[in-house]
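Work through the two exercises below with the sequence and the structure in view. Each task is followed by a stepwise solution.

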Amino acid sequence: LLSGRKTVGSSNMENDISFKFRQQLFHISENLVAEDVAALKFLCTDLLHLSKLEGVKSAADIFKLLMAQEYLNAEDTFLLAELLYRIKCHSLLEKLGYTKEKVQEHLHEKGRISPYRQMLYELSENITSKMLEEIIFLLQNRLPKRWKILSALDLLTLLEKQGLLTKDNVKILEDVFMMVSPDLLETIDCYKKAKVLCCKIFSSPDVQTAAKLLKELGVLSAFCPTKMHKRRCVLLSSEQEGTPVDGVFYFSPRFDLNTWYLKFWYFPALKTTMTSYKMDGPHRGFCLIINNVDFNSCQRKGSCKDADELERVFTWLGLDVKIYTNLTSGDIINLMETWQNVQDHKDRNCFICCILSHGSSGTIYGTDHKLVSIRMLMSHFTAKRCPQLAAKPKLFFIQACQGNNVQRPVFVDTDGPTPDASAVQERVSSFQSIPEEADFLLGLATVDGCVSFRHIEEGAWYIQSLCSKLQLLVPRGEDILSILTQVNEDVARRVSPSGTKKQMPQPAYTLRKKFIFPIPMDPPPS
């Protein structure tokens, strides 16, 4: 009888765990849009049979397939965490008990997505609609006419089905990118070099040979001393022997041609000083200001004051300011593509973009009431897509709500969306807008899910505070992160006329150095 009770109790516990796990998967699936599902399908191509994946309609369908193949269960959710990390849905990781940093820490030993698949996915993320049209035109005699290609992932999948693209033969991609976008050849070249050298590295008899190959690959400086530690990693130091270690290369003990892993950990905290970005060139940089005021029947009153103040302050700081008013979602994307290709960036020290509009989570609205992803806008200026700005700081300041659940008090407007129900778009987490590449700073007027306030006469709390603190603190030699910290403090102190509504800005950054504006010769504009 006792053993029978134990069996029943154990069964109930297992059922509870299983139900809770499926709840987690359900919530994650509900937060993934069609583009996310397509990305998950593509990344799972090496793990699941293609015929099974073709029937997938939702993320939940993929989860079922992974569970059936024992890739995913309540005790081991790392593959799903890796997939969410790869498609940059970092805010969903917490539902599995992970963080972005925790996933990164374990990728070298537990990751399952092959470098080949990662390389293809990275390429797809950088293929614009125009580039896709050009590639399809170049390949039209090699592609079946019955296929309708809607995305870069569709194209890559079709090339693999036709046998034109494999992990050992990426020549077709090299040929088209040579014509369409030569800068993407670097991604393919890195994959090919790493594939060959990692085979040699993992089969090398000692750390010295491995280090030599790493230097040949270009990931280690030729003068970088190395030494072995516990047979799992190489300790690196760019200084003399005996100085603190700067980083570690980890080698995965499991290795085959599909899944080779190389992980580098860098320890910047061991450095005692931090350098600043070069800001002493003849031209400071361009500053774009997008000011969306008119939204059909309503206006963002006070926004023109914000735009004027930003223009005065950034002109005072030495930037060439360009103002654009009332842009649709398509206009905004086209504008980013235009400025991405401006050659004059190479003579500038930095790039700044300010957007004043309505917004929702991780997005901003065009005047046509259509959402545009903040992360997508920023991606136009990555080192690969805009090499003229490589290693230079790119600053984005967004005055827009990141949620819409606050009622508007008297004399205060919110920068939340005002379209009718037919214009509702899918929710995008603001965590997904956080920059992924080095040298970016994103200043959001508010945290995810919340409104940002704008006085109809005096302008937005965030923009007015930003302009005020820049004028006060740049002459004192403060760096931009110190300035934004004071902006946070200033805005957090403010309250709406009702006395019940507050606001908290959110900066996010991947800056590698301090960003300090040179002190202008002229006095502040106000």
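**Exercise 1.** Determine how many nonpolar, polar and charged residues line the largest cavity.

Solution. The model is predicted: local features require pLDDT of at least 70 and side-chain atom pairs pLDDT 80 or more, whereas totals for chains, interfaces and linings use all residues. Residues are numbered from 1 along each chain as its sequence is written, and side-chain values use heavy atoms, without hydrogens and water.

Step 1. The largest cavity holds about 30 Å³ of space.

Step 2. Its lining consists of Ile127, Ile135, Leu139, Leu155, Leu156, Leu159, Leu173, Val176 and Phe177. Two or more of these residues come from each of α9 and α10 (171-180).

Step 3. The lining therefore counts nine nonpolar, no polar and no charged residues, because Ala, Val, Leu, Ile, Met, Phe, Trp, Tyr, Cys and Pro count as nonpolar, Asp, Glu, Lys and Arg as charged, and the others as polar.

**Exercise 2.** Describe the packing of α7 and α9.

Step 1. The axes of α7 (residues 115-125) and α9 (residues 152-161) come within 9 Å and cross at roughly 140 degrees.

Step 2. The crossing is right-handed.

Step 3. Tyr116, Arg117, Leu120, Tyr121 and Ser124 of α7 meet Ala152, Leu153, Leu156 and Glu160 of α9 (contact: heavy atoms within 4.5 Å). These contact residues comprise six nonpolar, one polar and two charged.

Methods
Axes are lines fitted to C-alpha atoms, for helices over the stretch in contact, and angles run from 0 to 180 degrees between N-to-C directions. Helices (H or I, at least four residues) and strands (E, at least two) are DSSP runs, numbered from the N terminus. A crossing is left-handed if the near helix is turned anticlockwise from the far one by less than a right angle, and right-handed if clockwise. On a 1 Å grid over the protein atoms alone, a cavity is a set of points where a 1.4 Å probe fits but cannot get out, and a pocket is an open set with protein on both sides within 12 Å along at least five of seven lines; lining residues have an atom within 4 Å of a point. Grid points are joined across faces, edges and corners, and a volume is the space filled by probe spheres set on the points.
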